[in-house]
Amino acid sequence: MTDLLIHPEEARAIVEGRHGDPFSVLGLHQRGGRWVLLAFDPGAEALQVLAKTRVVAQQVAGCPGLFVAELLQKSDYRLHWQGHGAEWESEDPFAFGPVLGELDEYLLGEGRHKRLWQVLGAHVIAHEGHQGTHFAVWAPNAERVSVVGDFNNWDGRRHPMRRRGGTGVWETFLPAVGEGASYRYELRGPQGALLPLKSDPVGFGSEHAPANASVVRRIDNPVWNDADWMAKRGPKQQIDAPISIYEVHLGSWKRAPGDRMLSYLELAEQLVSYAADMGFTHIELMPVSEYPFDGSWGYQPVGLFAPTIRHGTPPEFRAFVQAAHAKGLGVLLDWVPGHFPSDAHGLGRFDGTALYEHQDPREGFHQDWNTLIYNYGRVEVSNFLISNALYWLEEYHIDGLRVDAVASMLYRDYSREAGQWLPNKDGGRENYEAIALLQQMNITSYGEVAGVMTVAEESTAFPGVSRPVNHGGLGFGFKWNMGWMNDTLSYMEKDPIYRKYHHHQMTFGLNYAWSENYVLPISHDEVVHGKGSMLSKMPGNGDQKFANLRAYYGFMWAHPGKKLLFMGCEFAQGAEWSHKQSLDWHQLDLPAHRGVQNLVRDLNRLYRDLPALHVNDTRPEGFEWIESNDAEAGVYAWVRFGAAGDPPVVALVNMTPVERRYRVGLPTSGHWSEILNTDAAVYGGGNRGNLGGVMAQAIAHQGRAQSAEVVLPPLATVWLRQG
């Protein structure tokens, strides 16, 4: 009978795990008017089918583990196996129909499924009356795809998947597999080659490194208590809002006893409370998408849909975000669509072909980082990335995305010599496909989720990064001002005796300050790889280093543009940042470090409280030079304006170690209060200043009808406010 029910070659393909469509053979099928069941378990020596009656199955000759039975009628059934002295029962995974519907299949085939994570990945569901997990993965060029895990002894022959038409998607429902199960995909590529086991590209969880299997994690039915924040966050993230961002690497912000990384729940209490106390408006997290190598800091992610298990599970990460919202803090994520690592378990040659990446290394290999570059022109890949951006915004209530390494995406010749890159269809260097991806990501993010913000780390003069897409831009809300950062730090690192020759490094940023919606970034990149800490960059002896740094922060917070400061910089950590250990919090026992921390806290407070310092951060009407050319004295002076009726603020900066009595033209007459002085004793300075304020006199100076003589302490910034 068995030879009549299955062809011998087909039977051998099942046993050897080579069959491309096992659902057409295994399970219950009607053949010649009879209901015939074929079932396979490589560890089984006998099988009984538990239906309305108990039926003893026969082993297919020459095919260990493959059994056949004839049922009198179609009915529900279970499988009772015996083998190697053991007995076990199971549902038959081949008894279940497809889970994906026709609309899903259509959108997947078109590469237009905005919420890809709702259909791909591993979802714990009830299907046809049974609890289990639905698995789905895109692998169009594979000959066979199987789910493997502890539940099937990592044997790819046990749970091969069903191919869904022309979509390239494979799916299966495995009853009794639930949350916490570890799994991978076993694929046979073209010509049947068995590939390295792959993690799930849309997996929601992962094992702890160096293990790298995916883990079934439930993300459905979350309980949120941040509706008030979500409804009101939009105005807090626009160009006229005070935005001061605390950039954090979760693994090294602070460690628990025993050098253990803090959990999301511990960070929800400690980090969130600290950032709120310091007056920041946002916390920006370096990438939390799962990544295999600690030394990449998250910038070489493998699991784009999985919050890293280093700090906890998806619900615990949600709890961190919710804690931030409860304290009035937005949460931004670093998002990395520019490249991915070539680890064998990742996306590289996922189905045996260049699926997510380009085939040609001149397009598909990133020489600087030894990584692979996404094929943005492939609709399924573009859909994968855009859907991932939407995933973090929707599923985790993330308030915005900072997109990493945008410049490397925009140009085909980025960091490449002649002959190492391929031009676009017009013979140019612009990467049209990457540009389209970024535009569509911004259209989708802003269009689908109210109140979010996106930020580009873009280091070139590419036009219109923060211009709306319908006006020819990339559509970002903001752009990091890398030029400002490079110019001003270059100036600050110089001995004050030489600064007069480089005076306009501090003013040059105002020549283009209104061309984009800028964020002024002092990021992790400035305090690593031998660059030293912010404090160590400063010239002079110990006291002068601190004074220089305080003056620079005063300059930065009064300068047009939103603010970003990397962790540790707010208390002038002395050592260069290391991802392997905690920040040097013990330095806060020293008055000089504590003083810088006090300064940053006050800078954030004043920046939030004074509209003149933030309302027109991106508009020329909010800024006016008073003195920009006094290189000999090393003095800069300008005024910031808010909306009509907002008191203006004047910033005065002395970048020499000489105290100066300096006459400055003021916009209006009357009393001007000294609201900030970086030389104040509470900040670690010498307490030299203006005794609370100055009075404008009717003495014309610097093009203004009134002026005042102001004490400018050495290496210090002073802010004055009208009134």
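Predicted model: local features only at pLDDT ≥ 70, side-chain atom pairs only at ≥ 80, totals over all residues.
Mentor: A cavity is a set of grid points where a 1.4 Å probe fits but cannot get out, and its lining residues are those with an atom within 4 Å of a point.

Trainee: How many residues in the lining of the largest cavity are nonpolar?

Mentor: Leu-116, Leu-120, Val-169 and Tyr-356 are among the residues that line the largest cavity, and residues of these kinds count as nonpolar. Beside two polar residues and one charged residue, the lining has nonpolar residues numbering seven.

Trainee: What is the volume of the second largest cavity?

Mentor: The second largest cavity is lined by 14 residues, and Ser-533, Gly-568, Cys-569, Gln-573 and Ala-575 lie nearest its centre. By class, this lining has 10 nonpolar, three polar and one charged residues. The volume of the second largest cavity is about 70 Å³.

Trainee: Why does Ser-199 count as buried?

Mentor: Ser-199 sits in the loop between β14 (182-188) and β15 (214-215), and beyond its neighbours in sequence within four places it is in contact with residues including Tyr-185, His-345 and Phe-350. Buried means under 20% relative accessible area. Ser-199 therefore counts as buried because its relative accessibility is 7%.

Trainee: Is Met-161 buried or exposed?

Mentor: Met-161 is found in the loop between β11 (144-149) and β12 (162-164), where, leaving aside its neighbours within four places in sequence, it is in contact with residues including Pro-22, Phe-135, Trp-170 and Tyr-185. Since its relative accessible area is 1%, Met-161 is buried.

Trainee: How many residues are in the largest nonpolar core?

Mentor: In soluble globular proteins, nonpolar side chains tend to be buried together. In this model, Trp-253, Phe-317, Phe-320, Tyr-553 and Trp-719 touch the most other members of the largest nonpolar core, whose residues number 170.

Trainee: How many residues does the second, separate core have?

Mentor: Ile-626, Ala-637, Ala-696 and Val-718 are included in this second core, which is separate and whose number of residues is 18.

Conventions
Residues numbered from 1 in each chain as written. Heavy atoms only, no water. Helix = DSSP H or I, 4+ residues; strand = E, 2+ residues; numbered from the N terminus. Buried < 20%, exposed > 50% of the residue type's maximum accessible area, 1.4 Å probe, protein only. Contact = heavy atoms within 4.5 Å. Core = buried A, V, L, I, M, F, W, Y, C linked by side-chain atoms within 4.5 Å. 1 Å grid on protein atoms, 1.4 Å probe; cavity = no way out; pocket = protein on both sides within 12 Å on 5 of 7 lines; lining within 4 Å. Points joined across faces, edges and corners; volume = space filled by probe spheres on them.
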